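Work through the exercises below with the structure open. Try each task before reading its solution.

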Amino acid sequence: MNRSVIFWASLLLLAVELAIFAFVTLHLDAGLKTEMRDGQPFGNCLKEEFEIVGLAWLAMTCLAFVGAVLSLFKKSKWLWLAAFVLPVIVATTLAKYQEDRFPACWERPAEAK
C-alpha cells in the first residue's frame, strides 16, 4: 500500500512539474526579453508576466525537490531523480541563454558617449 501511494504521488508530481516546465519554456520569450536593433532595445514587456513566469519556475523547482525526496524511496532511484531534476536544469539553462542573448526590456543599455 505504501509503495503504491509513493508511486502514484511521484507520477502526479512529475506530471504537474512537466506541465509547469512546458509553461516556463514556452514563455521564456513572451515579451519578457527585448531584441536589439541598431544598438537600441525594442519590444514591449510586462513585469507582471515576468513575475508569473518566475513563480512558475519556483513551483517547478519545489516540485522537483519533493519528487527527488520521494525518489529515494523507489527502486529505480536514479531514474526518478533524473526525471525530476532534468526539467529544472533545462529550464534554467534556457533562461540563462535567453538572458545573455536578449536583455530584459527594463534593463536598458548604457548610452554611448
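The model is predicted: local features need pLDDT of at least 70, side-chain atom pairs count only at pLDDT 80 or more, and totals for chains, interfaces and linings use all residues. Residues are numbered from 1 along each chain as its sequence is written, and side-chain values use heavy atoms, with hydrogens and water left out.

**Exercise 1. The span of α1**

Solution. Step one: find the helix. Helices are DSSP runs (H or I, at least four residues), numbered from the N terminus. Helix α1 covers residues 2–26. Step three: compare.

**Exercise 2. The buried side of α1**

Task: Which residues of α1 are buried, and which helices do they pack against?

Solution. Step one: apply the cut-offs. Buried means under 20% relative accessible area, exposed over 50%, and partly exposed in between (1.4 Å probe, protein chains only). Step two: list the residues. Ile6, Ser10, Leu13, Leu14, Glu17, Ile20, Phe21 and Val24 are the buried residues of α1. An α-helix has 3.6 residues a turn, so residues three or four places apart point the same way. Step three: find the partners. The buried residues of α1 pack against α2 (47–71) and α3.

Step four: take two cases. Contact means heavy atoms within 4.5 Å. Ser10 has a relative accessible area of 0%. Leaving aside neighbours within four places in sequence, Ser10 contacts Leu70, Lys74, Trp80 and Phe84. Glu17 is also in α1, and its relative accessible area is 0%. Beyond residues up to four places away in sequence, Glu17 touches Met60, Leu63, Ala64, Phe84, Pro87 and Val88. By contrast, Ala15 of α1 is partly exposed at 44%.

**Exercise 3. Two helix pairs**

Task: How do α1 and α2 pack, and how do α2 and α3?

Solution. Axes are lines fitted to C-alpha atoms, for helices over the stretch in contact, and angles run from 0 to 180 degrees between N-to-C directions. Angles under 35 degrees count as roughly parallel, over 145 as roughly antiparallel, 65 to 115 as roughly perpendicular and the rest as oblique.

Step two: take α1 and α2. Their angle is about 155 degrees, and their axes are 9 Å apart. The two helices are therefore roughly antiparallel. The contact includes Ile6, Ser10, Leu13 and Glu17 of α1, with Met60, Leu63, Ala64 and Leu70 among the residues of α2.

Step three: take α2 and α3. Here the angle is about 165 degrees, with axes 8 Å apart. That makes α2 roughly antiparallel to α3. Among the residues that meet are Trp57, Met60 and Gly67 in α2, and Trp80, Phe84 and Val88 in α3.

A crossing is left-handed if the near helix is turned anticlockwise from the far one by less than a right angle, and right-handed if clockwise. The crossing of α1 and α2 is left-handed. The crossing of α2 and α3 is left-handed.

**Exercise 4. The aromatic cluster**

Task: How many aromatic pairs are there, and which residues form the cluster?

Solution. Step one: state the rule. Rings of Phe, Tyr and Trp (its six-membered ring) pair if their centres lie within 6.5 Å; planes under 30 degrees apart count as stacked, over 60 as edge-to-face and the rest as tilted. Step two: count. The rule gives 3 aromatic pairs. Step three: examine Phe7 and Trp8. Their centres are 5.2 Å apart, with 80 degrees between the planes, an edge-to-face pair. Phe7 is partly exposed at 33%, while Trp8 is exposed at 56%.

Step four: examine Phe7 and Trp80. Their centres lie 6.3 Å apart and their planes stand at 80 degrees, so this pair is edge-to-face. Phe7 is in α1 and Trp80 in α3 (residues 77–101), so the pair ties together parts 73 residues apart in sequence. Trp80 is buried at 12%. Phe7, Trp8, Trp80 and Phe84 form one aromatic cluster.
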